[in-house]
Amino acid sequence: MKSTFALIRTTAGTSPVATALGLAVLAGLFLFPSFVQSPYTLHIMILFFLSTIQGEAWNIIGGYTGQYSIGHVAYFGAGAYTTMILMQYKQIPPWYGMLAGIGVALVVSLIIGSICFRLQGPYFVLASIAVAEIMRLSAINLKDITNGAEGILITEIPVFKIGNTVVTDFLSKVPFYYIGLVIALVTILVTWMVQNSKLGYYFQAIREDQDAAHSLGISLPIYKNIALALSAVFTSLSGSFYAVYIGYIDPSTVLNLDISVQIVLVCIIGGIGTIWGPVIGAMVLVPLSEALRSDLIAEMIFKTGLTSEGSAIGTFLKENLAHAHALIYGILVVVVILFMPDGVLGWVKKLTVQKGRG
Amino acid sequence: MATILEIKHVSKFFGGLAANSDVSFSLEEGMIMGMIGPNGAGKTTLFNCITGYYPPSRGEVIFKAQKISGLEPDRICRLGMVRTWQKVRPLAKLSVIDNVMVGALCRTNSLKTARELAMEQLKVVRMDNKPNFLAGGLPIGEQKKLEVARALATQPQLLLLDEVMGGLNPAESDEIIQLILEIKKGGGITQMVIEHDMKAIMRISDRIVVINSGEKLAEGTPQEIVNNPEVVRAYLGDFHA
């Protein structure tokens with residue numbers, strides 16, 4: 001807890017108001033499940049934590065080090081599959097499976113890194129996508145281990161005990177809420193620690209100018225691999241967490257390229273290379289994708305009276321808007337890149353600075 | 001005086017083109033070596049061969065009695081040789097002090113120590129009044145000085161400056177000349193300087209090496225170089241010789 005205090009104090013400057021606000025938000029998040037019992041709201045919060053973890057993790061390699069990996073689903077899938085396979089076939093509880101997942105993701109990241117970091121810029125991006133696709137195809141075809149395209153469904157999660165006291169039986173969403181919250185906080189804390197260390201300086205130097213960094217004594221393969229490994233660890237954690245939470249994985253849900261793109265979007269929309277960017281990005285994207293999925297947007301349009309549910313346009317919207325999430329994401333990215341090149345966070349900062357001057 | 005850098009028969013081929021062929025010379029500790037030559041003569045290629053960006057096709061580079069040709073640039077930097085870039089390479093989105101700290105972190109793991117070292121170097125180049133400016137927004141003269149400060153922060157024994165006065169106005173150039181002379185006076189740092197400004201190079205160099213068409217054309221004191229008919233011919237053509 002102490003380090004969390006430090007985190008808030010440092011990132012929010014010395015302003016006591018900001019510190020108090022940060023602590024209030026933190027306390028609110030911890031007390032949230034005592035006031036809100038709605039499983040749906042908790043579900044949204046859990047998705048928000050998941051997205052934050054993924055965004056922060058990608059931010060280390062993409063935002064700070066400037067290596068745009070669009071294959072992060074490889075680590076997500078590695079975590080998800082390792083945890084699920086161990087739990088389903090070896091009866092190893094997920095909290096150990098998570099650690100094994102981290103190990104697998106580390107190995108995968110070092111293999112990917114040592115090969116792909118010979119490439120730069122767009123070639124690295126393509127290679128990262130290729131590796132993720134290799135993972136997906138392997139998961140489909142290695143049926144003995146992964147159960148192929150049928151995927152793995154867990155029937156029950158073992159009860160988590162310390163000594164003889166049952167801590168949780170994972171029957172409600174509340175334990176998942178707290179696990180998600182804690183992992184998200186740890187990820188943010190680690191990002192903060194990276195940013196305020198030699199690693200952070202070296203990562204950013206590599207992002208800004210690789211050759212200049214090289215001439216200043218920075219070993220490019222070593223530091224790029226460290227960044228990728230750190231990023232892979234937390235992405236894998238998010239994969240394990242997702243798998244256990246949802247209880248079912250298959251190659252098209254946990255090794256789908258869409259997830260890689262989602263992860264990158266969280267960062268780009270929130271603000272790349274900043275600690276709070278991915279948090280903001282997750283705050284924007286998670287509700288948006290939920291609204292799209294559950295047809296909230298179509299309903300809102302009907303309520304405003306622009307068109308009625310019975311009309312031709314109304315029927316079209318109702319039937320198709322939910323499937324149009326890719327389109328709407330696309331528009332969102334274009335808008336963000338055109339009008340907020342530093343993401344929502346950068347845009348808000350700019351607005352406040354201008355107001356302060358005026 | 002001890003020899004700090006020895007370039008032995010270095011050649012660099014790009015396909016069939018010899019960017020450097022059979023270049024040899026050496027640097028004594030504490031001196032300033034000037035390097036001149038027409039555009040495209042192969043000066044920067046030679047810098048790249050020395051600092052590890054290209055492995056030489058033939059020949060070798062000896063730094064402090066150790067063969068360094070074939071090592072990566074980061075290893076060479078940690079051994080004590082650092083360069084600046086003809087086309088400046090500021091870490092644009094980082095602040096001035098952070099740029100220099102990246103250099104300083106080469107010798108320390110502590111941000112606090114690095115910050116102190118960086119501040120010292122900013123004082124040396126007289127930029128300690130704007131540590132929090134973004135490096136990318138500085139005018140070219142200050143970006144050049146920032147490059148020098150960042151390189152110095154790695155605590156080198158040998159500093160290679162690639163056209164550090166290029167694109168500067170006379171006042172700014174003069175400031176850089178003073179800076180180079182101060183670094184020499186401070187002792188402990190040998191310098192090699194590529195420069196097109198003849199007046200400047202004559203003023204600061206202890207010795208000058210002339211590169212033309214990838215080959216070493218001449219080497220000597222500034223006085224010897226201006227009186228060398230070969231050099232005059234390379235620069236001005238046969239008519240004047």
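The structure described here is a predicted model. A:Met340 is located in the loop between helix H17 (325-339) and helix H18 (343-357) of chain A. Apart from its neighbours within four places in sequence, A:Met340 is in contact with A:Gly346 and A:Trp347. The C-alpha atoms of A:Met340 and A:Ser289 are 20 Å apart in space, and the two residues are 51 residues apart in sequence.

Helix H6 of chain A comprises the 21 residues 121-141. At 1.5 Å a residue, H6(A) should span 30 Å, and the 31 Å between its end C-alpha atoms agrees with this expectation. Within H6(A), the residues A:Ser128, A:Val131, A:Ala132, A:Met135 and A:Ala139 are buried. These residues lie on the same side of H6(A), because they cover an arc of only 95° around the axis. On the other side of H6(A), A:Pro122, A:Tyr123, A:Leu137 and A:Asn141 are exposed. The partners against which the buried residues of H6(A) pack are helix H4 (73-90), helix H5 (94-116), helix H7 (143-146), helix H12 (251-254) and helix H13 (257-270) of chain A.

Besides being a partner of H6(A), H5(A) packs with helix H11 (residues 220-246) of chain A at an angle of about 145°, the axes being 8 Å apart. The crossing of H5(A) and H11(A) is right-handed. Residues of H5(A) that take part in this contact include A:Pro94, A:Gly97, A:Met98, A:Gly101, A:Ile102 and A:Ala105, while those of H11(A) include A:Lys224, A:Asn225, A:Leu228, A:Ala229, A:Ala232 and A:Val233. Further along H5(A), the contact also involves A:Leu110, A:Gly113 and A:Ser114, and in H11(A) it also involves A:Gly239, A:Ser240 and A:Val244. By class, the residues of the contact of H5(A) with H11(A) comprise 13 nonpolar, 10 polar and 1 charged.

The contact between chain A and chain B draws on 16 residues from chain A and 23 residues from chain B. On the side of chain A that touches chain B, helix H9 (198-208) and helix H10 (210-215) of chain A each supply at least two residues. H9(A) provides the largest share of that side, with 6 residues. The side of chain A that touches chain B is made up of 6 nonpolar, 6 polar and 4 charged residues.

Note on methods:
Residues numbered from 1 in each chain as written. Chains lettered and ligands numbered in written order. Predicted model: local features only at pLDDT ≥ 70, side-chain atom pairs only at ≥ 80, totals over all residues. Helix = DSSP H or I, 4+ residues; strand = E, 2+ residues; numbered from the N terminus. Expected span 1.5 Å × (residues − 1). Buried ≥ 20, exposed ≤ 12 C-beta atoms within 10 Å, placed from the backbone. Arc of directions from axis to C-beta. Contact = placed C-beta atoms within 7 Å. Axes fitted to C-alpha atoms, helices over the stretch in contact; angles between N-to-C directions. Left-handed = near helix turned anticlockwise from the far one by under 90°. Nonpolar A, V, L, I, M, F, W, Y, C, P; charged D, E, K, R; others polar.
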